[in-house]
Amino acid sequence: ELTVHFDNPQQPPSGDIYDWENTWFGSLGADYRLNSMWTLRGGFAVDGSPTSEARRTPRVPDAMRRWVTFGLGYKPSDRFEFNLAYVHLFINDAHVNSVTATSDRLIGVYDASSNLLSASAQYHF
């Protein structure tokens with residue numbers, strides 16, 4: 001449950017009951033070592049959403065996600081290692097049909113995706 005209390009005492013609190021459910025995350029990935037310096041990486045994951053259409057709100061328009069990942073590792077010596085990775089999240093459409101405390105109704109569909117880029121460097125002492 002999320003309740004928002006306003007500074008204005010005349011405005012009643014606004015709240016949502018989410019009733020989130022247990023969910024699961026499954027992934028499969030692989031590394032392919034091209035040679036002693038270069039490594040290719042890739043993976044796929046499915047990430048279930050704890051939200052349900054009956055309780056989904058515009059505050060948390062979450063839905064099931066599928067992850068596709070690609071990466072590249074470079075290790076020029078035993079002491080240095082550099083990694084670069086890209087992730088794209090395919091997110092299912094999140095259908096919303098909610099009613100506010102003032103009986104306003106919102107019906108719609110959220111269309112989302114996400115791109116992540118990461119880089120790291122390690123130096124081993």
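Student: Which residue in E6 does Gly71 stand opposite?
Tutor: Happy to start there, with a predicted model in which local features need pLDDT of at least 70, side-chain atom pairs count only at pLDDT 80 or more, and totals for chains, interfaces and linings use all residues. Residues are numbered from 1 along each chain as its sequence is written, and side-chain values use heavy atoms, without hydrogens and water. Strands (E, at least two residues) are DSSP runs numbered from the N terminus. Across from Gly71, the residue in E6 is Ala85.

Student: Over how many bridges do strand E5 and strand E6 pair?
Tutor: Strands of a sheet pair through backbone hydrogen bonds, either parallel or antiparallel. Two strands pair if DSSP finds at least two bridges between them. E5 and E6 form a hairpin with 5 residues between them. Strand E5 covers residues 65-74 and strand E6 residues 80-91, and their antiparallel pairing runs over 10 bridges.

Student: Which residue in E5 is the bridge partner of Thr39?
Tutor: Let's look at the pairing of E5 with strand E4 (residues 38-47), which is antiparallel over 10 bridges. In E5, the partner of Thr39 is Gly73.

Student: What order do the strands of the open sheet have, and which are the edge strands?
Tutor: The open sheet has 5 strands with antiparallel pairing, in the order E3-E4-E5-E6-E9. An edge strand here pairs on one side only, and the two are strand E3 (25-33) and strand E9 (113-123).

Student: How many degrees lie between the planes of Trp38 and Tyr74?
Tutor: A pair of aromatic rings is described by the distance of the centres and the angle of the planes. Rings of Phe, Tyr and Trp (its six-membered ring) pair if their centres lie within 6.5 Å, and planes under 30 degrees apart count as stacked, over 60 as edge-to-face and the rest as tilted. Trp38 and Tyr74 are 4.5 Å apart centre to centre, and their tilted planes make an angle of 40 degrees.

Student: Why does this pair tie together parts that are 36 residues apart in sequence?
Tutor: Both residues belong to one aromatic cluster, together with Phe80, Phe82, Tyr123 and Phe125. The pair ties those parts together because Trp38 lies in strand E4 and Tyr74 in strand E5.

Student: Is Tyr18 buried or exposed?
Tutor: Buried means under 20% relative accessible area, exposed over 50%, partly exposed in between (1.4 Å probe, protein chains only). Tyr18 has 8% relative accessibility, so Tyr18 counts as buried.

Note on methods:
Helix = DSSP H or I, 4+ residues; strand = E, 2+ residues; numbered from the N terminus.
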